[in-house]
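Hello,

Here is the structure we talked about handing over.

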Amino acid sequence: MKESLNLADKAAVIAYLFSRSVILPDSEGGCWTWEQYRTPDGYGRFTVAGKQYYTHREAFKAFGRRIPEGFTIDHLCGTRSCWNTTHLEAVTPAENTRRARNAHWKAFMRDYNAASNVARKLGGSVIVPVGVNR
């Protein structure tokens with residue numbers, strides 16, 4: 001990693017992240033997956049001036065979103081290497097743990113995000129029928 005990347009320069013951070021990622025089409029969920037170093041549990045990480053940073057957290061901030069004190073970032077898509085900020089949400093650690101343990105929630109959000117991305121491109125909306133079992 002270049003020692004000269006300025007994390008305060010949002011455009012430079014975004015360009016850096018895009019240059020080292022695979023961008024999936026909306027029809028496949030729209031994840032932006034980090035293709036460089038990943039932690040053993042799958043999170044993208046890079047180093048600047050000897051300090052390590054998580055790609056999803058830095059992307060969240062670079063796109064102008066704030067992470068409240070004590071909050072963590074939840075991957076709504078369920079892909080830990082994804083840094084697409086439409087797939088990320090700042091939540092309490094307790095909420096993040098609750099969601100991670102709920103397989104139904106993860107499947108719903110993965111399917112909803114993929115459908116929502118396609119519908120947005122087509123100019124429509126996503127309707128989840130009441131009583132549909134997933």
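Rings of Phe, Tyr and Trp count as a pair if their centres lie within 6.5 Å, with the six-membered ring used for Trp. By that rule, ring pairs link Y16, W34, F46 and Y53 into a cluster. Please note that this is a predicted model.

Aromatic pairs

The structure holds nine aromatic pairs. One of them joins F18 and W32, which are tilted at 50 degrees between the planes and lie 4.9 Å apart, centre to centre. F18 belongs to helix α1 (residues 10–19) and W32 to strand β2 (residues 32–34), so this pair ties together parts 14 residues apart in sequence. F18 is partly exposed, at a relative accessible area of 34%, whereas W32 is buried, at 16%.

W32 also pairs with W83, here edge-to-face, with 65 degrees between the planes and 4.9 Å centre to centre. This pair links distant parts of the chain: W83 sits in the loop between β5 and β6 (88–91), 51 residues from W32 in strand β2. W83 is buried, as is W32.

Largest pocket

The largest pocket holds about 250 Å³ of space. Its lining consists of 13 residues, and D74, H75, R80, A100 and K106 lie nearest the centre. Elements that give two or more residues to this lining are β5 (72–75), α3 (93–101) and α4 (103–122). Of the elements, α3 gives the most, with four residues. By type, the lining divides into five nonpolar, four polar and four charged residues.

Regards

Note on methods. Residues numbered from 1 in each chain as written. Predicted model: local features only at pLDDT ≥ 70, side-chain atom pairs only at ≥ 80, totals over all residues. Heavy atoms only, no water. 1 Å grid on protein atoms, 1.4 Å probe; cavity = no way out; pocket = protein on both sides within 12 Å on 5 of 7 lines; lining within 4 Å. Points joined across faces, edges and corners; volume = space filled by probe spheres on them. Nonpolar A, V, L, I, M, F, W, Y, C, P; charged D, E, K, R; others polar. Phe/Tyr/Trp six-rings, centres within 6.5 Å; stacked < 30°, edge-to-face > 60°. Buried < 20%, exposed > 50% of the residue type's maximum accessible area, 1.4 Å probe, protein only.
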